[in-house]
Amino acid sequence: MTAEPPAPDRRNEWRVSDEEREAVVEQVKVAAVDGRIDFAELDTKVGRALAARTRGDLDDVTADLPPVVPVDPGQPLVLKGGYYGAKRVGPWKVPAQVTAYGGMAGVVLDFTQAVCRRPVVDVEVHGEAAGVTIVIPEGWAVETDAVDPGYGGVRDRTTGDRLPGTPLIRLTGDGGLAGVIVRHPNGKERRRLKRESPL
């Protein structure tokens with residue numbers, strides 16, 4: 001009696017869900033943050049992932065990429081300006097979630113020397129009476145559309161020119177009385193960074 005051939009594996013023909021597409025988009029973004037692909041490849045792969053109809057289409061997008069190793073989100077960082085103010089400057093490890101309350105003396109959140117290997121960092125801001133200032137390196141990008149401007153408003157003074165593999169700072173919250181400012185380092189800060197950078 002002759003054995004029947006095994007049924008063909010048709011997993012590559014299975015239709016994929018929006019959740020599966022988004023998971024591949026995240027994998028591609030992580031590859032960009034790690035420097036494995038450049039900005040042009042990032043755009044191309046994201047477009048292909050979002051247009052994918054089958055499992056095979058998605059597998060083609062990630063065929064040359066390693067699987068994503070889950071990143072420890074770290075402990076959420078909460079900064080409260082209170083009566084004396086609060087700052088996070090210099091080298092520090094960026095968690096997945098940051099919350100800043102301006103209080104009476106303000107908060108400064110400086111990412112210019114931070115260690116960040118995340119494609120997206122969620123920052124919840126509350127300007128309150130003294131405001132929140134966020135400083136990001138040249139080449140990083142920020143989204144402020146989800147912030148309620150309140151009385152103080154939201155001022156985005158960044159260039160908007162995001163470089164390949166750099167994080168996106170995604171803001172939520174409200175401007176409060178004093179508002180929220182996002183900017184690149186000023187002249188004084190750039191000189192300090194140059195002095196502190198290794199030769």
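Q: A salt bridge is a side-chain nitrogen of Lys or Arg within 4 Å of a carboxyl oxygen of Asp or Glu; how many salt bridges does this rule give?
A: The model is predicted, so local features need pLDDT of at least 70 and side-chain atom pairs pLDDT 80 or more, while totals for chains, interfaces and linings use all residues. Residues are numbered from 1 along each chain as its sequence is written, and side-chain values use heavy atoms, without hydrogens and water. By this rule, the number of salt bridges is seven.

Q: In which helix do Arg55 and Asp59 both lie?
A: Their side chains meet in a salt bridge, N to O, at 3.3 Å. Helices (H or I, at least four residues) and strands (E, at least two) are DSSP runs, numbered from the N terminus. Arg55 and Asp59 are four residues apart, about one turn, and both lie in helix H3.

Q: Is Asp110 buried or exposed?
A: Asp110 forms a salt bridge with Arg192, with the closest N and O atoms 3.5 Å apart. Asp110 lies in strand E4 and Arg192 in helix H4, so the pair ties together parts 82 residues apart in sequence. Buried means under 20% relative accessible area, exposed over 50% and partly exposed in between (1.4 Å probe, protein chains only). At 3%, Asp110 counts as buried.

Q: How many residues apart are Asp122 and Arg170?
A: Asp122 forms a salt bridge with Arg170, the closest N and O atoms being 2.6 Å apart. The pair links strand E5, which holds Asp122, to strand E9, which holds Arg170, and their separation in residues is 48.

Q: Which helix supplies the largest share of the positive patch?
A: Patch residues have over 30% relative accessible area and no salt bridge; like charges are joined within 9 Å, and nonpolar side chains (Val, Leu, Ile, Met, Phe, Trp, Tyr) within 5 Å. Lys and Arg count as positive, with the charge placed at NZ of Lys or CZ of Arg. The patch gathers Lys87, Lys188, Arg190, Arg191 and Arg195. Four of its residues come from helix H4.

Notes. Accessible areas come from the Shrake-Rupley method with a 1.4 Å probe; for residues, only the protein chains shown count as cover.
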